[in-house]
Amino acid sequence: MKRIFFVIVLLLFSALVLISCREQENSKEDKEYQQEELVEKEQIEEPKVEEKEITLSAIGDILLHKRVFDDAKTETGYDFTPFFEKIKPYLNDTTITMANQETMIGGTKIGLSDYPSFNSPQEIGDTLKQVGVDVVTIANNHTLDRGEKAIQSAIDHWKAIDMVYTGAYQSREDSKRIRVVETDEGIDVAFLSYTYGTNGIPVPEGKEYLVNLIEKEKIATDVKEAEKISDAIVLSYHFGTENQRMPNPEQVDLAQYAADLGVDVVIGHHPHVLQPVDWLRGEKGNKTFVIYSLANFISGQDEFYNRIGGVVKVTIKKTIKEEEETITVEQPKFLPTYMEYKPKFKDFKVIPMKDLNNDIMPGYQKYYEEIKAHMSQWMPELEFME
Ligand SMILES: [Zn+2]
């Protein structure tokens, strides 16, 4: 009897031990399960951040005086490619490159012409396309020089070579379509362009689409439209005082106006000389990059500072966090350039200033340093491509 009792007790004890082990296992599994749940929760609580970026570069005025296009003349037409030989590597290495085509490329069929009423060979368009330019801004004080005829003919050519143009249009319908460049990286960029005036030539009545003038209300409407269909906005102003190396109060006001509207990049041109870069703070807290004047890139002007231009570059970054997308402009860079030619305006070439030598420009190093200091005076972090 005692023995049976002992066996029962032993059995009961073993059963208890087994149950408790099971429970322990269960609780271990529970813990693992709970931990897994916790990890999942943490992942949900910390949303994925996705970052995309593209680069944008811009060059200043392509202002084709007769002495410039005469140098490009060939037996069959015009060829501007040698002008870009030394600068091309700096133009086709960015996602989007833009240029300001100051003179209309109405072409030889309507007769080429010089200052003050320009009309230029269409071959400059072909060269710009070939060296990597994707967008041309064509709202300038010279847009109406040769009237509607030159604008229509120029735009026919831009269309034929599949170049994005902005600021002057063929019709009202054409002008209503905000230009947006869609990139493979998934950042869509809108391009807007305006000029302070048209050298006293009145815009034909009812044909306001022929050239975009700087009118704050219109700009605000366009920016709102652009915001709906793009991620970032680049706005060009043809403004400022000729040959002034610093922006005037009106330029500062207009750049700030664009920043307040939420524009990401402001590119200025017209003064024919370089004016500094700066960061502006928009009223919504956004940060806007501005270059007040990108100067001449190619022109027949022969004064020293009129021959200095440059390539400006920025990175446009899109950060996606949950439903929120933010655009930031980062890493501004600049490459000062020099418009070099031989006596009697032969062999035009745009050369990076860093590649100059004392034969081309005696004491060039001093001028190069001066230009760098001038451009970066409000933005010490501005990098130079060296
Ligand atoms: Zn101009």
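**Figure 1. The buried residues of α5 pack against α4 (123–131), β3 (135–137) and β4 (164–166).** The model shown is predicted. Helix α5 covers residues 147–160. Its buried residues are A150, I151, A154, I155, H157 and W158. Seen down the axis of α5, these buried residues fall within an arc of 155°, so they line one face of the helix. In an α-helix there are 3.6 residues a turn, so residues three or four places apart point the same way. Turned away from the buried side of α5 is a face that carries the exposed residues K159 and A160.

**Figure 2. Helix α5 from end to end.** The helix has 14 residues. At 1.5 Å a residue, α5 should span 20 Å. The C-alpha atoms at its ends are 21 Å apart, which agrees.

**Figure 3. D162 sits in the loop between α5 and β4.** The residue comes just after α5. D162 is not a glycine, yet its phi is positive, at about 60°. Most residues other than glycine have a negative phi. Is D162 buried or exposed? D162 has 8 other C-beta atoms within 10 Å, and a residue with 12 or fewer counts as exposed, so D162 is exposed.

**Figure 4. H272 sits in the loop between β8 (265–269) and β9 (274–281).** H272 is another residue other than glycine with a positive phi, here near 70°. Is H272 buried or exposed? There are 25 other C-beta atoms within 10 Å of H272, and 20 or more count as buried, so H272 is buried.

**Figure 5. A cis peptide bond joins Y115 and P116.** Omega of this bond is about 5°. Most peptide bonds are trans. Where is P116 found? P116 lies in the loop between β2 (96–101) and α4.

**Figure 6. Strands β13 and β14 form a hairpin.** Strand β13 runs over residues 324–342, and strand β14 over residues 346–352. The two strands pair in the antiparallel sense, over five bridges.

Methods. Residues are numbered from 1 along each chain as its sequence is written. This is a predicted model: local features need pLDDT of at least 70, side-chain atom pairs count only at pLDDT 80 or more; totals for chains, interfaces and linings use all residues. Helices (H or I, at least four residues) and strands (E, at least two) are DSSP runs, numbered from the N terminus. The expected span of a helix is 1.5 Å times one less than its number of residues. The arc is that of the directions from the helix axis to the C-beta atoms. Two residues are in contact if their C-beta atoms, placed from the backbone, lie within 7 Å. Two strands pair if DSSP finds at least two bridges between them.
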